[in-house]
Amino acid sequence: MEIFDPLSFKTVLQIVVAAVFIYLYMMFITRVTGKRTFAKMTSFDFAVTIAMGSILADAVNKPESSLMPAMVSIALLAGLQALFAKLLSSSDAAQKLITNTPILLMKNGIILKENLNKALVSQADLMGKLREANVLQLSQVKAVIFETTGDISVLHTDKPIDIDAVIMEDVKPEA
C-alpha cells in the first residue's frame with residue numbers, strides 16, 4: 001500500500017468533512033442545550049461527556065458509515081442531559097435521590113479513615129491532593145471533601161476561621 005494512494009486521500013477528505021460537520025453540529029447542540037451539556041458537575045455529567053466523546057470519535061474516524069446515528073445519539077444524550085440537569089436544579093428530592101453525596105475525608109486536620117475507606121480513597125491519594133493544594137501542615141486543613149464528580153476539594157487556611165455552614169451543607173459528615 002502506498003502512502004499517497006488515491007484511496008487514502010479520499011478517506012482523509014471524508015474524515016476532514018466529517019470532523020468539520022461534527023464540530024459544527026456540536027456547537028449547535030451545545031448552543032441549544034446549554035453549557036451544562038459538557039460540564040462535570042455530577043458523575044452522570046461525566047459519564048455522558050465520555051459517551052459523547054466516544055460517539056464523536058467513531059463518527060469522525062469512520063466517516064464511511066452514516067453520520068446520522070451519531071447525530072441522533074448525540075442529540076438524545078444532550079437532550080436527556082439537559083432534562084436531567086433541569087430536574088436536579090429544580091427538585092431537592094430528585095437531587096438527593098439521584099446524585100451521590102459529597103463525603104468528608106478530613107476535618108480540622110484530622111483524617112477520617114472510615115470515610116476514606118467508604119470513598120475508596122487511599123491515604124496516599126489524600127496526601128497527594130493536599131500537596132497539590134500547597135498544604136504544608138495538616139493543621140492548616142479545615143476540610144477535605146470527596147465531591148460527587150470524583151474530585152477532591154481541599155479547604156485550608158492558616159487563619160482561625162470556620163467554614164460557612166452553607167458550604168458544607170450537603171457534605172456527608174463523619175461516619
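Visitor: Which residue takes a positive phi in the hairpin of S3 and S4?
Guide: This model is predicted. Its hairpin of S3 and S4 has 5 residues between the strands.

Visitor: How many bridges pair S3 and strand S4?
Guide: Strand S4 covers residues 152-156. S3 and S4 pair in the antiparallel sense. Their bridges number 5.

Visitor: Which residue in S4 is the bridge partner of phenylalanine 146?
Guide: Strand S3 runs over residues 141-146, so phenylalanine 146 falls at its end. Its bridge partner lies in S4. That partner is isoleucine 152.

Visitor: Which sense does the pairing of strand S1 and S3 take?
Guide: Strand S1 spans residues 103-107. It joins S3 over 4 bridges. In one of the pairs, leucine 104 has isoleucine 145 of S3 as its partner. The sense of the S1 and S3 pairing is antiparallel.

Visitor: Is strand S3 mostly covered or mostly open?
Guide: A residue counts as buried under 20% relative accessible area. In S3, 5 of the 6 residues are buried. For the protein as a whole, 32% of the 175 residues count as buried. Strand S3 is mostly covered.

Visitor: What radius of gyration does the protein have?
Guide: Take a compact globule of 175 residues as the reference. Its radius of gyration would be near 16 Å. The C-alpha atoms of the protein fill a box of roughly 70 × 40 × 30 Å along the principal axes. The radius of gyration of the protein is 22 Å.

Visitor: What share of the accessible surface belongs to carbon and sulfur atoms?
Guide: The accessible surface of the protein comes to about 11600 Å². Carbon and sulfur atoms make up a share of that area. The share is 63%.

Visitor: How far apart do the centres of the positive and negative side chains lie?
Guide: The protein has 16 positive side chains. It has 17 negative ones. The centres of the two sets are apart by 3 Å.

Definitions and conventions:
Residues are numbered from 1 along each chain as its sequence is written. This is a predicted model: local features need pLDDT of at least 70, side-chain atom pairs count only at pLDDT 80 or more; totals for chains, interfaces and linings use all residues. Side-chain values use heavy atoms; hydrogens and water are left out. The radius of gyration is taken over C-alpha atoms; the globule rule is 2.2 Å times the number of residues to the power 0.38. Buried means under 20% relative accessible area, exposed over 50%, partly exposed in between (1.4 Å probe, protein chains only). Accessible areas come from the Shrake-Rupley method with a 1.4 Å probe; for residues, only the protein chains shown count as cover. Lys and Arg count as positive and Asp and Glu as negative; His and the chain ends are not counted. The place of a charge is taken as NZ of Lys, CZ of Arg, CG of Asp or CD of Glu. Helices (H or I, at least four residues) and strands (E, at least two) are DSSP runs, numbered from the N terminus. Two strands pair if DSSP finds at least two bridges between them.
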